[in-house]
Every structure is written in structure tokens, then in C-alpha cells.
Amino acid sequence: MEPAAGVTLDNNHRLTPKELQYIIRWNSDRCKRCGRCTAACPVKAIEPTVRVQRMTFSEGPIPKPGAQRRVVHAISQVTDPERACVGCATCTLVCPNEAIEPELNERNKLLHYKNKGGDGYKRGGRRNDPSISVLDRLKFTRISMLTDPALDAGRHEFRVRSLLGRVLPPEELPLKAVDGKLIVDSAADKFIPPVREIFPIMIGSMSVGALSPPMWEGLAMGVAYLNEVEGLPVVMASGEGGMPPRLLRSRYLKYFIIQIASGYFGWDEIVRALPHMVEDPAAIEIKYGQGAKPGDGGLLMAQKVLKLISGIRGVPQFVDLASPPTHQTKYSIEEAVAKMIQSMSMAWGFRVPVYPKISGTKTARAVLNNLARNPYAAALSIDGEDGGTGAAYNVSMDKMGHPIASNLRECYLDLVKQGKQNELPLIAAGGVGKRGNLAANAAALIMLGASVVSIGKYIMQAAADCFGDEHNRCNLCNTGKCPRGITTQDPKLYRRLDADKVALRTVEVFKAANVELKKIFAPMGRSTELPIGMSDGLSIDDKAMAERLGITYAC
Amino acid sequence: MRAKTIKKKVEVKNKKSEVKAKKTTTAKTTAKATAKKAAPKPAAKPAAKKAAVVQSAIKKPAPAPAVRIPQMKGVALSHPAGKAKKTPMVAASAPKPLPAIEKRQDGSVLVRGLVGGQRTPSRILEEQIQQLVQEGARNLTIVADGQHGIGGRIWPRSEKVQITIEGPAGQRVGSMGFDGTEIVVRGSASDDVGWINCGAKITVLGDVTNGAFNAAAQGILYVQGSGGARCDTMTKRNPRFDPPQSWYFRNVGDSFAEFKAGGIAVVCGVNPRNPENILGYRPCVGMVGGTIYFRGKIEGYSERDVKLLDLSETDWEWLTTNMKPYLEAIDRTEYYGELTRSIDDWKKLVAYTPQEKAQKKKYQIDIKNFRKVAWEKEVGQGGIFAEFLDHDLTLLPYVTTGKDRRNVPVWANDKYAPPCAAGCPSHIPSHKRATLIREGKLAEAISLVLQYSPLPATVCGTICPNLCMQSCTRGRLDAPLAIDKLGKLALDIPAPRKADPTGHKVAVIGGGPGGMSAAWQLALKGHTVSLYEASAKLGGKIEMCIPHERLPQEILQKEISRFTELGVKLHLNTRVDQKLFEEIYRNNEIVIVAIGAHQPRKIAFPGSDQITSAYDFLRSVNMGSAPDLKDKKVVVIGAGNVGMDVAIEAYNCGASQVTAVDIQKPAAFGKEMQAATAKGAQILYPKFTERFDPAAKKLYFKDGSSIDADVVFMSIGDVPVLDFLPPDVHVEKGWLQVSDLGQTSDVKVYGVGDATGLGLVTHAIGQGALVADVVHYQMAHAPRAPEVKQQIAYERIKTQYYEACKLEFEPNAEGNRCMSCASCRDCRMCENTCYEQAISRVDLGNGRFEYVVDENKCIGCGFCAGICPCGVWEMVENV
């Protein structure tokens, strides 16, 4: 409608900062108006503006008015929801005078407005749930002191390792004794599945494209360092979107799990690199789902598809790259998984473990039971609802998916029923290290039945200082405006990030996790092998959870 | 007092349970082994002899003691009766057993731990020893049978207390031993020899098993053989005393010296069990103090905790000096020469100091180096992505300058149109008038408008609804700039100077505002313009249809005469028909059709033939032949601005009541509406007319209602009469079809004003000027579309700088009231605000200037854009 005659509309339909999730607290007295905050704000949520201060005063014994008027420059918060402050605090970071910071507004109504143009709110990050997760509620309650050998993590040397790949039971291994030594009986003509011994925490799939070059390379270099220098066999999954050709041709390839997902991006390049590979990859991961956004596909926006992505993914520049929620040639569990595992195994001569990754779901057991019968299936990776993502609909992130703890547990117990718990490793992910307790969360999952635990957000926070948290802080991963330079293809932003620092932090994180895992396992009397499924060591302070997980209740 | 306390502690311990001594076979076998291997001939003899003694002591149980063991008064009282009973005090069998305690002539005492086949409990043996020492015994020989802790806890006295242990000693020989106590174990000892040693000198003539010297704080341990696992762990040094010493002749077992916090350990490495590794697996984990001297090969140690060094002269002196008494004690003096042959045979392990640990590199190779020597060596120079990256492989700060800025400021002076100019259909840039006023050029400011309109006093100053003022940003603060009044001031200004003649000929058909505007602009540009007007006067509908009350005739006439002075060839009273059009078309390069809309539109319904059109009525009024409407009730069908003019004139002609009806919300607005309603005009809507009954003097509506109507005027618009145009010029639904630039389907023919669609006078003037521009460029063979500037967003104008005021109109004051939207007012606010001092003003001469940015200083903060009063600075993405 038209404005009434002779008026100018002012605040009609304008929001106050109270509606927004973060309110900028700016201190005029401290501010020197240098503009660093406004220059650095990734979403232009703050802008320099002009304010009038006017005061009428009266001096002397009788009313004698005067007026003082000052026009000053100020920093003001933009209340357009599309430019709403995301709380990243880059302003605080760059402010030389501690004059500005975003403050979480618990009473915000941001979600009421994030649907401009009739599209749902999309963002990156994780499920915004700051409550204490089940993983963080699990306690290690079986402490060995006098009942069985208690170990000292600092004093006793023991290795924390896991197996990735299908482990045949001893009686099925085609071995024979010759001159007192066990050798493979080639006459038995039996397939021995490939198995890798790895550190039980791996870096989960984050693609070249989702991550910036220094972030991806930093992680990759850290992984190489951990293996080559520290002797810690950490592996990292590529995510969908190909692999840098230089890495494919290098001997470091053996530390990487290559992912294939529904978009098959970069796979022609990978296939072409096959004859040049000097090492096999650690494994192949077939992505069917992602814990953070079950049923939601991925989209790498055209603006990110520059020379680098184009080269690595084998696509033209400046096009949208969609990874659909489903594989186009998938018809049933039997058919789809079996043929994918066959194809991928065949590509490397059945020398590389191949396993599918699914979202945490009530149907995980069905998938698992299928895999248990597939001799080529190397593992099952389950990504719980607390996983992270570079881009998804908020509704998918916040509301879709299954928590990892009970999902993993029921899968493991299914394997136990079949007597196959030591055969088919389960990889668990989703919310590991959510509150910084990487080793404890990992140990808890291992004791619930995981052979390997996969991390994503945690390493971004720990290795690259990602601002994101469970209060929707930052979460700009999908916009290409990541202020830390982690999830952007804009050199102006990603050149803030030092790949060497990321690598160093990655090394520190895994070294520390190794120490901490020992600190957990040693007092529980475990040293020589990973306590996979050792659920008698776990308790939780909630009866229902204890019952669901099949562990004891402790309070 | 002190002694009492300790005694109590002992009692408490005794009460708990008898800790059974570990009678291991290890002790036996190691003893044997020591005897065989450790001491090759000729040195083997004494050892072998002693070992034999030990063996016999074990194998041949001594007879049970005949006499009751004397009980110490105090101690005995403290024992619970039941427990005391359990202890076999009296031998049961007949053969006379050897006594438990045998005092010898030389003052020494023999204590038997196995009496009559019954092992003396550790508690009793301890009591016996303590009692004997208290009674003055200083030389005791204990024939042990695995009792716990023999020889410890003997409080220091003036004389030495010597204790010789024969037979299998139990665990923790000499534990908590004091200085002044000297213990010799004739054979091997079990675990934890010298546990928490507080000064005793303990010599073991055999091996020690696991945990020897654990937590020792003072004293000496001499071992003739080897040590088991975890020897010398947790030893410490109390600064009040000499550090503890432990000497191992052969080698030690795994996990040696864990958490060692002080003391000196010496491992001589003679005839070691594992010649490849005399310190066992992973020694020194957690070691924080003390020194380990060793001689022989090792296979690693906890590098995190200790460092391997050569011996210094001081070390060597200490070692060689203290070696002698050690070798004497273990009866191996013959090895002195071999062991002190060379300082180079020895090494030492010492703990890193906390400072050293803090300074120690946490990584074997730093990441930068790893990148160089491992990563890039394997994946290639610049890393895995280098082949795809175009930029420098360097880091950038968060706040950047130059090409690395995310956004850059642009001094977009006059890039956008101010709201006044954008809102004005004639595109008159009123802000430029304000600029001229501020510069003190009032006359120029007032005459500027003539560049845009030939009729500023008439239109801007009088009849125009002044959309410019409705848009004016200043209006948001107090009142809009008085553009109407400024326009009126141009009334007496002569026409601007014409450009030199170009020789180009243009015809304009129609002398209304559209035609006049086009002719005016073309004439000013030096073109030859012929204007054809059907009536006798210029001005079109302004002249014919606008009530004189609203437009005083002298204003219009004055502006018309200024127009005529410009030299446009006027052809008044010349109605253009097909024939004339063809001629005009032939004789001119361009023909502009601006004939207006003069044919009233009518709707047919019963009685509509009795209705006069607004056009005819208004024209008759202005021609001086107005009808008499005295006391008549007048209804106007159509409540647009023309309808309002009809209402005004109807009242002027004496009407008692005028009602305008419309089928929708009235389109009338502004001055027309105000003037009409002021006179009493009513507006009714929505009303769909059904019929007019002149006899009943009623107008009926489709909703069944009716209204009294003596006279009805139809004011639903007019349409042009375009029958003179050739078919090549496309007309649709009665209107001349033109492009955005005013061009018809014939490239030579343009259309302007109401002939193309009804609009305001200012629209016609704007279109005339636009077409003149387009035509001008077309004739110059440089066709182009005139630039249409986007209107600047209001938010960009910082009205906060201005204070609301209550000024009467005064031309000179308007200059400062104007907010100079989108046009730099040269206030230097940006220059003063820029923290980085990146903005400077550059004088270009002739009063021209610009503001420039030093990109090496600018960080792209947007302050200039955020605070610019005029909204001139804008931030654009830096790509």
C-alpha cells in the first residue's frame, strides 16, 4: 500500500536488533573509528553511520533555553535479516580497542525471518544444540586398581590402533604352516580382504571445495606428518570433489580415503590418475548420507567453482555443482551397495578396503546386515545427527537424523548377535568433540562398539580456529565468506589461513588425543588392543539412556 | 616420643595381617646363577662357598627351638591374645631343636627364623631383632626363612648395628633402614630390597629381584649380581642428607629408574645377562633427578626425560673413589682395574631439568621444514594445489589494503540521480540549482531550469504537483526544498543563448507543453525547428483547459513569449492533415508528433448524449464562453485531476453543488484536488453509471442509487486525433505507439506527450526534452540513448547532519537546505573522517574537484560511504 498522504514511512517492517540472534555491543567511548571492524565483518552486519545528539539546556536563574547539537559518527548494526550479525566476532578480533563484540541474544527470532524469497534458511555448521550430548554424559566407571592390572599411560608403552577393513576369523584365514611359519595358502584360492591398521580417530570427509586450499592442504600435510614423523597412522577422507592430482600421484596417497558420492565429481580425474599411482589409498568411502543433513544433497555454488575446483573436479568453471541426496543408480540395498563396492574394489584390484557411509538412521541395521553378508564390504560408517556440513537447509541440520550413540550401539549389538563384531568395523561420527572432549567422546564410542571414530568440525575448530559453535555462531560455510578462510574459495579470505599452522595443530591434536586415549584406556586396564565394545566400562547418569545403550546407570 | 610413635605404627601394621614373605624360586635360581656366571674363576670360589651356605640353610630345616622365645614386655602386651596363640611358640616334637636366639661368646647373636620346622612369623622375628638391639646386640646374624623386611627400622645408635642375613630373605630387606645399620645378605634378595631406605647400607651378595631400592632416600645398596625389573624407581634425594647410592655389578632389568627423582645408580655391566642391553627395556621413564652411571650397551632410554652424557672429571673421580669400597663389600676387588680402565667405558644418564624440558623441541622436525623436505619434495613445489592457484602463496592479514581489500570505496559523484531529479518527469536537477546558490551564483541557479523546461514558472511554479518536492529528501526532515518557488523565480529570466545553427531541420506538430519542450530544446541546440499548432495560441491544454484561477494568464503568456523569442518557426492555426503531414515529413529530417489528446472519451449509456465533455467545458471556460451553472447541481463523471478542474470551474460558473463520481479510488491529487474540495466538491466511489435522465435530472448508478444532476460532465479522459498519420506510423487503440525513447514505428517520426498516453504536463515536457536529445544525437549520426540515472537510496543521504528549521522562503537559504543528494557538496567530511588518511581532495581547476583514494592506505572500511552527507561514496566489491 501507498504511504498516507504527506508522510514518510520510517520504521515500518524494520526489525530491531532484539529480533536477531546476535546483538552488537559497541562502546563509543572506546572506539577510535578506525574502521577495522566494518572492513572485516563478513556479512556487513555493521556499518559506519551518523548520529545526532541534541540537548536543550537552560543556564541561569530563569528559564533561558539553549540547545547543543552534535553530529557524531558511529557503528550501527544492520537489522536486515539477510545481513544479520552471525556472532563470529571478527569485529572483536580486529578491534584494537576492545570496543565491539557480538552478544548472543537467547530471545531472538531469527528463524522467523530466514526465509526470504520463499526459500528455507540455508547455512553451514552443525545442529544448533548446545545441550550436553550423550557422548559427553558417558563416564568411564570401570577403573582398574587392584582387581586387574592397572596401567600407567605415561609409563607403559602401548599403541592405540584399530583395523579398517574386514577381518576374517582365524578359522577362515587361508593360512598354512610351513617350516613353523604361517604363510598364505594360495591353493585355497580364498579372498583375503584388505585391512589397514590405523589410528582410531580419523578425519572425516570434507571436500576440496567445501574447504579452502590451505585448510585442506594443512590437514593433509598434518596427516602426512603424523604418519611419517610421529608414526601415528592417522587417515583422512577426501570428501566428494576429487583429490588434488599431485596428491594422487604421491606416495602420501596411502594416508587418504577417497570418497565417492552421488555427484561423482573428480572421479574421471581419479580414474585417469590410477596408472600413475605409486600407492593405494587407505580406503574408498562410498557416501550415501551425511549425518548433518540426511536426505539433503550438496551444492557447490558457481561462485566457488573457480580454476582450482574446476581442475580438481573436472568440470567447467562458474557452474553450480549439485551432489544429489541420492545416487542416481541406486535401487535397493543389495543392488546399490553391492555394485558400488564391487566397482570400487575392482578399480584397485581388490587391494583397498571399500565401505559405505550412511547417515545415522533407524534403518542403519538393515544396511549393516546386508554388509555383514557381503564379503567385500570393509566397514560401515555411520554419521550421526551432530555431524557438520558446509551447506544445508537449517531444517535438515537441526531436525533430521539420528544421534550416533544408540544407533552405533544397536548396530554393534547386531554384529555381536551374529558373532561378527570383530569382523566388520563400524566407523562412528557426528558430534565427536562437540565440547572439546575429543578423546573422551572417541573412547566412549569405541567402547560402545566403534572401531574408528571420525571427526570434522572438531578439527576445524581445533586446527583452524573455526568460530562456529552450537549457538549458530558464524556458520557462514555455505556463503563463501568464512572469516577464518576455512570454507571459502576467495583468496582474500583463505590467504588468512596458514596451511602450516593447520598442519601443526592437526599434529598436536592427534598427538594429544593419543595421550588422552591412553589416559582413558590405561586405568581401565586396556593396553594391547582397543576396547571396542567394552561397554561394561561405561556408565551414564540417566536410566533410560543406560537401558537403551545396554550399559550401567551410575549416579 | 618419636620412637613411641613409630612403634605404634609398627603395631598397627602387625595387627592387620602377617604379610607372607615371598619365598621365590627366583631367589634360589638367581643365586645359583650369580654364583655360576657372575664370578668366573678364580673369583668364583668365595661366591660359590657362600651360595652353598645359603643352600644348606634352606634345604636342611633346623630343629624346632626348645625354649620359649622371650617376649618383650611392652610389645607382647600389645598383641591380641588370639593372634599370639596362633603363633607357634613351642615346638611340638621331641628332638631338641636349636634355639631361636643364640647369643655367642663374641657378643654376636644368631637369630633363627626357622625353629623346629616352624617358620618364625615376620612379626615375631622383627620383635626379636628389635629387642636384641635394644638389649645391646650390635652384631646379629639372621637365618631367614622368607621373613619380611628384615633389618629395617633400627633406630640409629652410637655404634653400628651389623646384620647378616643368611638363608632366603623375604621381601623388602632393610626397608626403612636407618643410618648406622649395615646389612649383608649372604645370597640373593627378594623384591624391594632397601625400600624407602633412610640410610642403611645394604650389601647383597647375589642378585636383587624386582623393585630394589624403590623409593630409597638415603643409604647405599651394593649388589653383587644383577637387579630385576623396576629397580631404583622413585628414588629421591633429601637435601638434608647425602643422596642414596645403588650399585649393580652385572646389569638391571626392565623399567629401571622410573620416576627417579634423585640419587646415584651405578651399573657396572660385568658379565651381563643381556650383553646388548644392560639397562633393560625403557629405563628412566619419568626420571626427574639423579644420575645413572653405566658401562656397557643399552637399547634406548626415555629420551623425553633424560639425556645421555659422557662422564666429567668430577664424575670420574667420584666413581673411581666410591668403586673401591663397593668392590670390597661385594668381594670383587679384582675388577677394580677393569672397571676403572677408562672414563670412556662409561656413560651417564641424567634427567633434563624442567627448564631444559621446557626448551626442548616438541617436534622432531618443524612443520615448515617438513613441508620443504618431505611434503613438497613429494607433491611438488608450492604444495598440492599450487598448479591451480594464480595468487602469491603468501598470507594476508584480516585488514588489508590495495588489491587485497574485499571492498573498495568509489567517489560516485553524480552517478545516481537525486530524488528530486529522479522524481521530476522533466528531470530538472534542482540540486544543481542549490549548488549554484551555495556558490553564490543565484542568477545562474534560477536560470538553470530553462535548460530543462521552457515553462518553469507556469509548470514548476504554478500548475505542477511538484513530484520533485514530494520526493525531496529534505522533506523527510522539515520541508522540501522550495522548488516551485525557485521555478517561479525564472519567470523573468530571458531565454538562454542558442547554440550555433546546425542546419538540421525538425518539425514539431503540436504547440502544447510537449511540443514546446521538444522545440525549445532543439532550438537551443541550434537546430531549425518548425512548429505547427492547430489553434491560434501556444500552450495546448495548459492554455485551454487549466482554470485561470490556478494559472494566472500573465505567467503563461510571459513564458510563451519567451518561447517565441527563441526563433522557432511558428505555424499557428495550422491543422495538420494527411497532405500537410506528407509535406512536413518530406521537408524535415525529423517529425515530432505532440498533438496532445483533445477528443474527449465518452461512455455510451442512456442519456449520455446529454452529457458535455470536460474538455469542451474547460475549453469553453478558458475561451470566455462558459455556460451558466448558477444554483445547478453538477455531477462530474471521473474524479481525476481534470475532473477536479471541472469541479472548480463549475463552482466558478455558479454551481451550488459539484459531485465527482468514479468507478475506483479517485486519481485526483495535489493542488487540483485541494482546490476542488476547498470549494465543496464531493467525491463518490465506486459508482458505475447506469443512465442519465435529463428530465428527472438524475444520474442513476448500477448499484441502484442515484444522484441529483442538473448538469453532468464526463471527465474520463481524452484521446488524440491521429488520422493525419500515414499507416507506417503505428497507432494502437487510438494512441501513438512509441519506444522508451519516443520513437514511433517510423524512425523519422517521434511522439511526445498526451498523444502517446495521458500524463501530467511535466511528463510531456520531460518527453519533449528526451525526444529532443535523442533526435539531436540521431541527426549528428551518433545515436544513443540518453543516460537514465537510477535514483539514490534515501538511506544513503545522512539527514542527521541537518537541523530542522522553520525558515520562510529565501532563495539564498535554499542552497544550504538542499542535502545535495548524490552530488558531492565538497564538505571534506570524508577526508577528515578517514582514519587511514587515504582520501584527498584534488583541485582540477575551474572550480572543479574530485576526491581520490590512496589504495595503499585504504582498508575498505566503508566509513566514507557510511558518513558521506550526500551519499556520494559507495562501496563496491573489489574484483
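**Close-up views of chains A and B**

**View 1. Where chain B meets chain A.** The contact brings together 49 residues of chain A and 44 residues of chain B. Please keep in mind that everything shown here comes from a predicted model. On the side of chain B that touches chain A, helices α10 (367–379) and α27 (863–867) each contribute at least two residues. With eight residues, α10(B) provides the largest share of that side. Sorted by class, the residues that chain B places against chain A are 21 nonpolar, eleven polar and twelve charged.

**View 2. Two domains of chain A, side by side.** Both domains of chain A are assigned in two segments: domain 1 covers 17–57 + 66–118, and domain 2 covers 135–521 + 531–553. Taken over C-alpha atoms, the centres of domain 1 and domain 2 of chain A are separated by 40 Å. Ten residues from domain 1 of chain A and ten residues from domain 2 of chain A make up the contact. If you zoom in on the side of domain 1 that touches domain 2 in chain A, you will find six nonpolar, three polar and one charged residues.

**View 3. A hairpin in chain A.** Here strand β8 (residues 175–178) of chain A pairs with strand β9 (residues 181–184) of chain A, in the antiparallel sense and over four bridges. Two residues lie between the strands of the hairpin, and D179(A) adopts a positive phi near 50°.

Terms used: Residues numbered from 1 in each chain as written. Chains lettered and ligands numbered in written order. Predicted model: local features only at pLDDT ≥ 70, side-chain atom pairs only at ≥ 80, totals over all residues. Pairing = 2+ DSSP bridges. Contact = placed C-beta atoms within 7 Å. Nonpolar A, V, L, I, M, F, W, Y, C, P; charged D, E, K, R; others polar. Domains from an automatic or database assignment.
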